[in-house]
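Dear colleague,

Please find the structure below, handed over for your study. My notes on it follow, arranged by topic.

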Amino acid sequence: MTARARRIAVIGGGPGGLYAAALLKRLGPDREVTVWERNAPRDTFGFGVVLSDETLGGIEHADPVVYAALRDEFVRWDDIDVVHRGTRHTSGGHGFAALGRRRLLEILRDRCRRLGVDLRFGTEAPPVAGLRTAYDLVVAADGVRSRTRETYADVFRPRVEEHRNRYIWLAADTSFEAFRFEIAETEHGVMQLHGYPYSDHASTVIVEMREEVWRAAGLDAPDVPGTVERAAKIFADALGGRPLKSNDSSWLTFRTVTNARWSHGNCVLIGDAAHTAHFSIGSGTKLAVEDALALAACLHEQPTTDAALAAYEAERRPVVASTQRAARASLEWFEDLARHLDQPPRQFAFNLLTRSRRVTHDNLRLRDARFTAAVEEEFGCPAGTPPMFTPFSLGGLRLRNRVVVSPMDMYSAVDGVPGDFHLVHLGARALGGAGLVMTEMVCVSPEGRITPGCTGLYTSEQAAAWRRIAGFVHQQAPGTALGVQLGHAGRKGSTRLMWEGIDEPLPVPEENWPVVAASALPYRPDSQTPHELSGPELALIREQFTAAARRAAECGFDLLELHCAHGYLLSGFLSPLTNRRDDAYGGSLEGRLRFPLEVFDAVRGAWPAERPMTVRISATDWAEGGTSAEDAVAIARAFAAHGADAIDVSTGQVVAEERPAFGRSYQVPYADRIRGEAGVPVISVGAISSWDDVNSLILAGRTDLCALARPHLYDPNWTLHAAAEQGYAGPGVSWPPPYAAGSRRPRTGRLDAPKPRLVLPD
């Protein structure tokens with residue numbers, strides 16, 4: 001390719017395409033830049049556009065002329081109103097800027113013309129293959145239904161996912177005072193309005209609801225104008241009785257677009273052609289404009305077009321992925337809106353505001369301290385107490401705070417006996433302030449170990465070692481509870497230590513022990529094929545769990561968790577991907593639950609009644625045909641009905657071919673759903689790393705406890721430090737007397753420059 005693209009074709013005259021054209025021409029006045037847009041200049045969907053301060057800052061630096069024109073048009077406001085069941089709660093300090101989409105396009109078209117860009121509106125772009133031959137670079141900004149993307153689908157490898165809600169873009173001749181979310185509970189189901197001003201006299205209004213609600217309400221009728229009139233009546237209070245205006249609007253389902261690649265030779269995707277993010281976080285135009293900025297900058301900075309397109313994708317992909325994760329969290333929250341309606345009113349508003357995880361407890365407190373304090377008071381936080389330091393009871397066990405040290409396998413035992421390492425490891429974390437510290441998975445038999453380094457509770461020597469650890473915790477960290485997690489590795493047993501090769505068989509074949517499972521299915525192609533358990537063998541394993549529970553009680557553990565997750569033995573019975581039995585222990589979910597529930601009942605009978613029991617489950621297998629979200633709720637209900645005091649909600653690790661959607665607190669939505677639908681307390685786990693996240697999740701009512709693993713490996717005193725950083729010194733955490741001198745953050749060197757000693761007037 002040439003060192004610098006001089007002839008550039010842009011397909012699509014939306015904000016992304018026009019802004020890319022303007023920037024590319026501005027950075028290279030000698031370039032020939034041509035834009036094709038099939039629609040006429042005044043044809044546009046939608047009404048208002050919201051841009052963030054970050055995006056505006058980028059525009060200001062890249063093109064002050066465009067920025068100045070936008071600045072003069074913007075409507076700005078700070079508040080978000082949440083209206084639910086006749087009550088409005090307002091949160092301030094958010095900072096929004098919006099203008100009409102039509103006016104935005106006029107500004108960008110004018111800038112393009114002044115710079116000399118060839119604009120061809122009302123003209124279908126030539127076939128992309130021909131453009132690629134005739135031009136040095138083709139920028140495909142042709143939207144969510146991109147023809148360019150489909151033409152080269154074998155290269156871009158797009159994935160388009162349609163979601164469950166229906167929505168329609170409308171407008172009203174009134175200027176809302178805030179970004180408004182209003183909930184309508186109708187006889188047909190829940191509907192919601194998203195509205196924001198884009199001029200002194202007009203607002204964008206999006207009406208959204210579940211597909212089944214849309215159909216039940218008759219809004220699927222072919223008379224779209226009639227359905228718009230009905231929507232206006234439903235939200236008459238918000239609209240002040242005004243009608244809703246349509247711009248050839250139609251009821252849509254949102255499509256999330258992702259692509260494995262964004263460029264093919266000299267053709268590159270930007271904006272909705274490359275990726276989409278749900279409108280509830282206001283990111284579509286924002287992402288397109290930021291794509292244009294990054295593409296223009298990379299073409300300006302890099303020596304070749306190839307290098308520029310690679311740099312563009314490397315720069316933008318992580319940002320877009322983060323935005324799409326936040327957008328998905330927001331989208332799914334609104335899809336499941338009905339589940340949250342019975343929350344206390346301020347908690348409901350807080351939950352809505354923090355749904356995407358972009359807004360958190362801490363930054364909301366900075367934006368609007370009064371609103372956040374009111375939510376905390378409604379929740380029951382004593383003055384000056386962060387939500388994470390409020391107590392919580394599981395059965396007869398009262399935890400002083402909401403932090404749990406998650407079970408973490410250490411693979412450091414000898415013959416199943418925990419040694420000095422485990423004393424130091426668990427003791428340090430107990431001293432670190434968490435309300436509950438969990439052991440690693442403690443195996444109920446030698447054959448039930450994952451690796452030769454796993455701990456057990458099947459001998460008196462092991463029990464004595466655990467008794468020593470429990471004694472230390474109770475004596476030296478009296479405010480911390482100690483829980484034991486009992487499990488059996490099943491088909492994932494007889495493997496190497498994690499750092500020697502996770503899930504790989506032991507290197508010396510003779511050292512491997514036989515593994516067992518619900519069905520004779522190996523975990524990986526190189527794994528052992530397990531023996532399918534018979535009735536008598538199931539009874540033996542059930543007794544092994546019972547015996548381990550009795551030993552755990554004698555050791556002095558405060559809580560017992562049954563491990564039914566991650567593809568280990570009991571988890572293998574629950575998943576349809578790993579349980580292919582045709583007897584009473586397979587088939588339907590009821591059958592697959594039978595053995596895990598039998599084990600639970602046996603353990604519950606051996607475990608002291610006043611001490612709580614929890615169950616860890618994998619709420620999804622992250623694989624087609626595996627455990628569904630509905631299954632997870634049913635599984636949680638079943639264990640709760642049998643006496644589980646809480647469900648510890650993890651996901652995956654059931655089948656090797658899983659495709660998990662990793663991200664910040666990515667498993668919390670499963671816990672939230674179980675908590676809401678099964679009515680049982682939950683422990684959330686998975687990529688929860690900051691105390692701000694813990695406060696946010698607890699206060700929003702998405703979870704009851706938060707389990708953190710790796711943060712406690714990084715910092716055994718994570719909870720103590722969280723208290724110090726928040727200036728908290730109450731009953732929810734206490735520094736061990738020998739550590740009390742460290743309860744305040746150490747001073748550091750002065751980083752700020754001295755202020756002028758004296759300032760004299762001119």
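How many salt bridges does the count come to? The count comes to 48 salt bridges. Please keep in mind that this is a predicted model.

**Salt bridges**

Side chains of opposite charge can pair when their charged atoms come close.

Arg159 forms a salt bridge with Glu161, where the closest N and O atoms are 3.7 Å apart. Arg159 counts as exposed, at 53% relative accessibility, whereas Glu161 is partly exposed, at 23%.

Salt bridges also link residues into a network, made up of Arg164, Arg210, Glu212, Glu335, Asp336, Arg339, Glu630, Asp672, Arg673 and Glu677.

**Aromatic rings**

A search of the whole structure finds 25 aromatic pairs. One of them is formed by Trp333 and Phe348; the pair is tilted, with 5.8 Å from centre to centre and 50 degrees between the planes. Trp333 is in helix 12 (residues 305-335) and Phe348 is in helix 13 (residues 345-353), so that the pair links distant parts of the chain, 15 residues apart.

Are these two residues buried or exposed? Trp333 is buried, with a relative accessible area of 6%, and Phe348 is buried as well, at 0% relative accessibility. Trp333 and Phe348 also belong to a cluster linked by ring pairs, together with Trp77, Phe96, Phe179, Phe181, Tyr196 and Phe334.

**Charges over rings**

The charged end of Arg132 sits over the ring of Tyr152, 5.2 Å from the ring centre. Lys492 lies over the face of Tyr523, and its distance from the ring centre is 4.7 Å.

**Positive phi values**

Which value does phi take in Asp248? It is near 55 degrees, a positive value in a residue other than glycine. Asp248 is placed in the loop between strand 14 (244-245) and strand 15 (252-259), and Asp248 is exposed, with a relative accessible area of 77%.

Asp503 has a positive phi too, near 65 degrees, and is likewise a residue other than glycine. Asp503 is found in the loop between helix 18 and strand 23 (516-517). At 18% relative accessibility, Asp503 counts as buried.

**A nonpolar surface patch**

Met498, Trp499 and Ile502 form a nonpolar patch on the surface, and together they have about 350 Å² of accessible area. Met498 is in helix 18 (residues 498-501). With 41% relative accessibility, Met498 counts as partly exposed.

Yours sincerely

How values were computed
Residues are numbered from 1 along each chain as its sequence is written. This is a predicted model: local features need pLDDT of at least 70, side-chain atom pairs count only at pLDDT 80 or more; totals for chains, interfaces and linings use all residues. Side-chain values use heavy atoms; hydrogens and water are left out. Patches are made of residues with over 30% relative accessible area and no salt bridge: like charges are joined within 9 Å, nonpolar side chains (Val, Leu, Ile, Met, Phe, Trp, Tyr) within 5 Å. Accessible areas come from the Shrake-Rupley method with a 1.4 Å probe; for residues, only the protein chains shown count as cover. A salt bridge is a side-chain nitrogen of Lys or Arg within 4 Å of a carboxyl oxygen of Asp or Glu. Helices (H or I, at least four residues) and strands (E, at least two) are DSSP runs, numbered from the N terminus. Buried means under 20% relative accessible area, exposed over 50%, partly exposed in between (1.4 Å probe, protein chains only). Rings of Phe, Tyr and Trp (its six-membered ring) pair if their centres lie within 6.5 Å; planes under 30 degrees apart count as stacked, over 60 as edge-to-face and the rest as tilted. A charge sits over a ring if NZ of Lys or CZ of Arg is within 6 Å of the ring centre and within 35 degrees of the ring normal.
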